[in-house]
Amino acid sequence: MVKNTELLKKAYHKIEESKDLIKSDYHRLKYHVMPPVGLLNDPNGFIHINGEYHLFYQFHPFDTKHGLKYWGHVKSRDLVNWEEMPIALAPSEWYETHGCYSGSAVNNNGIFTLMYTGNVKDEKGNRESYQCIATSRDGITFEKWPGNPVIHNQPKGYTRHFRDPKVWKKGANWYMVIGAQTVEEQGRVLLYKSHDIKKWEMIGEVTGSNLNNLGYFGYMWECPDLFELNGKDVLIACPQGLQPQGDFYNNIYQAGYFIGKLDYSTGRLNHGKFTELDRGFEFYAPQTMLDEKGRRILIAWMGLPEREDHPTIDYGWIHAMTIPRVLHLVGDKIYQRPVEEIKTLRKKPISYKQIEIKDEEIELEGICGDVIEILVECEIRDATQFGIKLRCSDDGTQQTVVSYDKLNNIFKFDRERSGKGYGGIRRCTLKRSQILKLNIFLDTSSVEIFVNDGEEVFTGRVYPDKDSKGIKFFAKGGSVNVKTLEKWEL
Ligand code: FRU
């Protein structure tokens, strides 16, 4: 077994030796959490503790492909400016030889506690899953509990695809949801309970494929999260194995939620339908936390499993986190809005009012850029279509188009001609309304679009040239009144 310190040294060496190459990449993001080198995937251990936000992430320092996972670590006072911290976990023990997989963080009476999955594979590729604990007094260095693992493998009837514990406290007890798979290859979320966070007993199945009138719903569910929002229980999960259905489930794996009521004695969630959290491209393994101000905040991996062909790999890194979003429950639908703090990034405001666009395409002085926020509210009068072309090149070859088709009430995010990287189109149906509100966040290689105050969100990575900064507004079949348009550099 390699010593912890050796593995850490190797990782820091890799970070150091890649610094110049990575810095030279134009597509390195300006206000998103990224790995210092290598690959980042799931957010882990998202928590607000002692006045600071901590975010950990699945981290493979040695390659832009998945491999031996560490826990990277960043912290922040405002969810916007993140400070890089020393690596929190490196695989060093027999129960995690093939990686410290995803998990969560809690404040256990002042003790900063992580719970994560130790991944082990034998020579034949067979897996073992161990749930483990690590604690910290200073929020910087984490020590693995000598009594680890706290859970040895899966319960009877399930396979070793058993991972990603998300822990919370209710009353005097700790609870945990964990992603699982039955021996019949049906995805599940299981509920566990503990008095001391070390001895755990399984309570039951929360839900899963072919339960609760769901029909077949995937062979494995990863990265579950369960929390209360406005008095209702919300389960987030990432089912694998769903087939695309029209505009739904178009990415390789899904990330969405169920609203219902959790029965803590049986573990069963009585729930409604599954709703995707993001209608764009790169979005997976979201994790939430309740901050000290009482907000339920979500952050997600702005990437997808098995999609490692992003152009940043030429510079030795891949993937990033989304911006943090606050969750609000409206009826049985979650609305997501960027955290208020992101407004502190706003610089050099430019605004317009009452602009009429009629069967034309226009540009507006000062409205362009690559690292910007746009807030637009418009009234779709008799136009059949309204849209914005982002990141346009001068020669017209590159553009990223967001548009609203009023006849069919469909919003569309089109990155077919965005530049390098994956193409594709994503669409969704909106609630009918005369007013369309868009809050768009552009970074050097990402787009996040909040539609109608968070009714829908579209996220995607795009890789236009550095000089593709043009923005165009268009209306077809009639007129649109842009009531207000604001733009900031970020
Ligand atoms: C989800 C996931 C988790 C696992 C981790 C490994 O993307 O597969 O289920 O814990 O990534 O990096």
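β1, β5, β10, β14 and β19 (284–290) each supply two or more, that is at least two, residues of the lining of the largest pocket. Helices (H or I, at least four residues) and strands (E, at least two) are DSSP runs, numbered from the N terminus. This is a predicted model, in which local features need pLDDT of at least 70, side-chain atom pairs count only at pLDDT 80 or more, and totals for chains, interfaces and linings use all residues. Residues are numbered from 1 along each chain as its sequence is written, and side-chain values use heavy atoms, with hydrogens and water left out.

**The largest pocket**

- This pocket holds about 590 Å³ of space; grid points are joined across faces, edges and corners, and a volume is the space filled by probe spheres set on the points.
- A pocket here is found on a 1 Å grid over the protein atoms alone, as an open set of points where a 1.4 Å probe fits, with protein on both sides within 12 Å along at least five of seven lines; lining residues have an atom within 4 Å of a point.
- Of the 23 residues that line the largest pocket, V167, W168, K169, L290 and R296 lie nearest its centre.
- β10 gives the largest share of this lining, five residues.
- The lining of the largest pocket has 13 nonpolar, four polar and six charged residues. Ala, Val, Leu, Ile, Met, Phe, Trp, Tyr, Cys and Pro count as nonpolar, Asp, Glu, Lys and Arg as charged, and the others, Gly among them, as polar.

**The second largest pocket**

- The ligand takes up the space of the second largest pocket (more than half of its atoms lie within 2 Å of the grid points).
- About 460 Å³ of space lies in the second largest pocket.
- Its lining has 23 residues, with Y101, R163, E222, Q240 and P305 nearest the centre.
- β14 supplies the largest share of that lining, three residues.
- By class, the lining of the second largest pocket has eight nonpolar, eight polar and seven charged residues.

**Around the ligand**

- The shell around the ligand includes N41, K69, D164, C223, Y284 and W301; a residue is near if one of its heavy atoms lies within 4 Å.
- Four nonpolar, three polar and five charged residues make up this shell.
- β1 (38–49), β5 (100–108), β10 (163–170) and β14 (220–229) each supply at least two of the shell residues.

- A polar contact is a pair of N or O atoms within 3.5 Å.
- From the side chain of Q58, an N or O atom is 2.7 Å from a ligand oxygen, and for the side chain of D42 the distance is 2.8 Å.
- S102 has a backbone N or O atom 3.1 Å from an oxygen atom of the ligand.
- The protein covers 91% of the 320 Å² of accessible area that the ligand has on its own (Shrake-Rupley method, 1.4 Å probe).

Notes: A polar contact is a pair of N or O atoms within 3.5 Å; within protein, one must be able to donate a hydrogen and the other to accept it, and residues adjacent in sequence count only if both atoms are side-chain atoms.
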